[in-house]
Amino acid sequence: MIYILIIFKKLLHKSAKELTANSCFLIAVCLTLAGCDSFVEVDLPASQLTAKTVFEDAGTANAAMAGLYAKMRDGGLLNGNSNGVSCNLGLYADEFDYYYAYDVSNFYTNSLFPGELGVNDIWNKSYSQIYSANAVLEGLDNSISIAEANKKQLQGEAIFVRALLHFYLLNLYGDIPYITTTDYLLNSKVSRMPADKIYSLILMDLNKAVELLSEDYVSPERILPNRSTATALLARVYLYMGMYPEASNAASSVINNPLYIWETDLDKIFLKGSSTTIWQFMPNTSDSNTAEGSLYIFTSGPPPVVGLKPEFVNAFEQGDQRKTHWTTEVTDGVSTWYHASKYKQQSTTPSSVEYSIVFRLAEQYLIRAEARVYQGDLIGSKEDLNRIRTTAGLNPTNAVTAEDIKTDILNQRRFELFTEFGQRFFDLKRTGKLDEILSVSKPGWNTTDSLWPLPALELNSNPNLNPQNPGY
C-alpha cells in the first residue's frame, strides 16, 4: 500500500495541465486499490505498483474492483451512514424525523442549496467511484494476461457499477454528464445530457453487463454482482422509463432464477445468508454488521440521529407483520419514538450476521406487479402483489380496478422498501405524487425540490454544467 501512496502523492503534485490521461488513470487505480479491504482477501504485489501491472495480474485486478465496492459501502450514495441516500432521502421525504441536537439537516427541512455539503459529497464521491470504474475498464481493455472469463466478469461488474451510479445521480440531480473515461481534460469540460439520453446510456451499459457477468455468484456471499444483479437494475430502470413489457420480462428473469428462494420469515430476510438477497455489501471487518443498524437502532430516547416518523409507523395496515418485525417502539414512559429494525444488530458480533442488502427479491415482485397492471394483466399483477401482502400477514388485496391495484402496489412499496436507498422518494417522484404527499407532510416543500441543486463548485469549475436546476 505504501507504493500506492507514493505514486498518488507524486501525481497530486502535478498541475492540471501536466496531468495526462495516463496520469489520471493511475490516480484512479491508486484510489480504488486504497479502498480495498476484506471484500476479497488478496495480497497486493510487493513490488512497485504501476497502472500496467495492476491489470496484468488477476489478484490485483480483483483487488481494484474490491476497493471500489469498499468505497461504495463506506461513502457516497449507497453507504448506510447518515450521509447516504437511505438516510438523507428518508429525511427528505416522509420516513424519518431528525433528532441530532448539534446540527441541522437541510435534507429534513428541504432547504438544500448549491453549497450544501451533503449535496456536494454525494455528487463528488459518486463521480469519483464512476471514475474508478472507468479506470478498471480501461486497465482491463489493455490487459493481455488475465484469463478471459475473469476479465469479462470484472468488466461486467465495473459497467454495472457505472450504470447504477449514473441512475441514482440522474434521479437526484436531473440532467447530468455520463462519464465513460478517465481522461481529465475531457471530463473537466463535460456538459449535462438530457434524461432520455442518460437512460439510453444506462440501458446500453446494463445490457452489456448482463452479457459479461456470470450467472452464478463468484462469491457465495453474494457480495459481487452476477447477471441477475444487473437484470434486477434493468427491471427498475425499465419501470422508471415506463417500458412495462421489458420491466416485467427482466423482473421475471430474476424471479425465476433458482438461486433465489422466497422467504416467509420476516426476521430472516435481512440476514447475510438470506435466499432473497440479490446483491449486498460485506462489512469491513469479520465481526462488524451494517452501518444501517448502527445508525437506526437506539434503546432509549430521544434518538441520537433519526427515528421513524410516528405518522409512517401508524400508517401500517392493521395486522401488518412488517410493523411488528421491522419497526421497534422505544418509550421513556412519557414520549415514544420508533426505529427501523430490518437490521437487528447495532454493534459487532463474534462474526458478522448482517450485510447491507442493495437489491433483494421482493422489489422484483413489486416491479412485475406494477408492470403487469400497466399492460392490463390484472390477475398476474394481483398474484405478485399478494406474494408481498401474504408474507406481511395481510389478506389478499381487495383491489379490483387497475387504478386501485396501482394504489395498493405503491402502498406496499412504501411499507416493504422503507429505508432502502430512497425508494419512497423515487416512487413519489416517478408517479407524480411528490407535491401531493410532501406538501402536506413537509412544511416548506416546493415543487422544485424534486431535484437537488448541482454543487456550486462544480458549476464554477466547469461552466458547461450550467444552468443550475430551477429553484436554486
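In the predicted model, the buried residues of helix H9 are Ile198, Tyr199, Leu201, Ile202, Leu203, Asp205, Leu206, Ala209, Val210 and Leu212. Helix H7 (148–173) and helix H10 are among the elements that cover these residues. H9 itself comprises 18 residues and spans 26 Å from its first C-alpha to its last, close to the 26 Å expected at 1.5 Å a residue.

Arg192 is located in the loop between helix H8 (184–187) and helix H9 (195–212). Its relative accessibility is 18%, so Arg192 counts as buried, the limit being under 20%. Apart from neighbours within four places in sequence, the contacts of Arg192 include Tyr173, Asp175, Ile176 and Pro177, and also Leu454, Asn464, Leu465 and Pro467. Although Arg192 and Leu465 are separated by 273 residues in sequence, their C-alpha atoms are 5.6 Å apart. The side chain of Arg192 reaches the backbone oxygen of Leu465 at 3.4 Å, and a polar atom of that side chain lies 2.4 Å from the backbone oxygen of Pro467.

Arg236 counts as buried because its relative accessibility is 3%. Beyond four places in sequence, Arg236 is in contact with Phe167, Tyr168, Val358, Phe359, Glu363, Ile367 and Gln423.

Aromatic pairs in the model number 30. Trp123 counts as buried at 3% relative accessibility, and Tyr173 is buried with a relative accessible area of 0%. Tyr168 and Phe426 form another edge-to-face pair, at 5.8 Å centre to centre and 65 degrees between the planes. Because Tyr168 lies in helix H7 and Phe426 in helix H18 (residues 423–430), the pair ties together parts that are 258 residues apart in sequence. Both Tyr168 and Phe426 are buried. Trp123, Tyr173, Tyr168 and Phe426 belong to one aromatic cluster, whose members also include Tyr92, Phe107, Tyr127 and Phe167.

Strands S4 (residues 327–331) and S5 (residues 336–340) run antiparallel and are joined by 5 bridges. Within this pairing, Glu329 has Tyr338 of S5 as its bridge partner. The two strands form a hairpin with 4 residues between them, and Gly333 in the turn has a positive phi of about 95 degrees. Elsewhere, Lys342 lies over the face of Phe418, at 4.2 Å from the ring centre.

Methods: Residues numbered from 1 in each chain as written. Predicted model: local features only at pLDDT ≥ 70, side-chain atom pairs only at ≥ 80, totals over all residues. Heavy atoms only, no water. Buried < 20%, exposed > 50% of the residue type's maximum accessible area, 1.4 Å probe, protein only. Contact = heavy atoms within 4.5 Å. Polar contact = N/O pair within 3.5 Å; in protein donor to acceptor, adjacent residues only side chain to side chain. Pairing = 2+ DSSP bridges. Expected span 1.5 Å × (residues − 1). Phe/Tyr/Trp six-rings, centres within 6.5 Å; stacked < 30°, edge-to-face > 60°. Lys NZ or Arg CZ within 6 Å of the ring centre and 35° of its normal.
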